[in-house]
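Hi everyone, thanks for making time this morning. I'd like to walk you through one model, so please have a look at the screen.

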Amino acid sequence: MPTILTHAAVPLAIRLGLGPAALSARLVTCGVLAAMLPDLDVLAFHYGIPYAAAFGHRGFSHSLLFAAMAALVAAFMYRWLQTTFARAYGFIFFAMASHGVLDALTNGGLGIAFFWPFSTQRYFAPVQVIDVSPIGVSRLFSMHGLAVLQSELFWVWLPSISMALCVLGWRTLRRNTTAQNNQND
Ligand SMILES: [Zn+2]
């Protein structure tokens, strides 16, 4: 996995790009939690469940079905999340599914069981550019941990924030053009 905090990059970047009017603070907070939640499956190691098992690390909790189910739960809470049913569903699904995609881009561990329970096959992306994060906090605070953080900054945070700023720039430009057109009318 990338380190757990790096999974927050995707929902935070979407919020940066689309602005507070599109996504409430509650929805974004839930999105950040949804992006991190799949890695609770590391608890499996404590219970002796093997990595490669369906309920092992990067197994069921990293699947698209799990993201779809979590998104459905969030969608039914759309009023509390101060949004619409569709937006709650879409945002939470995207945030959680992005977790598996980022993991699939890492260069270690086992692949992701995207299609659980229909298939227990583990998948990696065609390119694996992100240095895999060690499991456990103590091992993260090492020279290898530093290299992992650098890799995540470069391959996750930088592209996410760049894309968000492009969207933000485009939205500002469009708003200014519309305001100018209205003045000219
Ligand atoms: Zn993961």
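Let's start with helix H7, residues 143–184: at 1.5 Å a residue, its 42 residues should span 62 Å, and its end C-alpha atoms are 59 Å apart, which agrees. Helices here are DSSP runs of H or I with at least four residues, strands are E runs of at least two, and both are numbered from the N terminus. The expected span is 1.5 Å times one less than the number of residues in the helix.

Before going on, please keep in mind that this is a predicted model: local features need pLDDT of at least 70, side-chain atom pairs count only at pLDDT 80 or more, and totals for chains, interfaces and linings use all residues. Residues are numbered from 1 along each chain as its sequence is written.

Back to H7, which bends by about 35° at leucine 153; the bend is the angle between axes fitted to the seven residues ending there and the seven starting there. Buried means 20 or more other C-beta atoms within 10 Å of the residue's own, exposed means 12 or fewer, and partly exposed is in between, with C-beta atoms placed from the backbone. The buried residues of H7 are Val148, Glu152, Val156 and Ser160. An α-helix has 3.6 residues a turn, so residues three or four places apart point the same way. What covers those buried residues of H7 includes H1 and H5.

H5 is mostly covered, with 14 of its 20 residues buried. Its 20 residues should span 28 Å at 1.5 Å a residue, and its end C-alpha atoms are 29 Å apart, which agrees.

That brings us to the core. A nonpolar core here is a set of buried Ala, Val, Leu, Ile, Met, Phe, Trp, Tyr and Cys residues joined through C-beta atoms within 7 Å. The largest one has 29 residues, and Ala70, Ala71, Ala74, Ala88, Ile92 and Met96 touch the most other members. Helices H1 (9–18), H2 (25–36), H4 (64–76) and H5 (85–104) each supply at least two residues of this core, and H5 gives the most, with 9 residues. Apart from it lies another core, of 5 residues, including Phe114 and Trp116.

Which residues does methionine 96 contact, leaving aside neighbours within four places in sequence? They are Ala34, Ala35, Leu37, Pro38, Ala67, Ala70 and Ala71. Contact means that the two C-beta atoms, placed from the backbone, lie within 7 Å.

Now H1 and H2. Their axes come within 8 Å and cross at roughly 155°, so the two helices are roughly antiparallel to each other. Axes are lines fitted to C-alpha atoms, for helices over the stretch in contact, and angles run from 0 to 180 degrees between N-to-C directions. Under 35 degrees counts as roughly parallel, over 145 as roughly antiparallel, 65 to 115 as roughly perpendicular, and the rest as oblique. Val10, Pro11, Leu12 and Arg15 in H1 meet Val28, Gly31, Val32 and Ala35 in H2.

Last stop, the loops. Leucine 105 sits in the loop between H5 and helix H6 (137–140), and leucine 105 is partly exposed, with 19 other C-beta atoms within 10 Å. Glycine 48, in the loop between helix H3 (43–46) and H4, is exposed, with 7.
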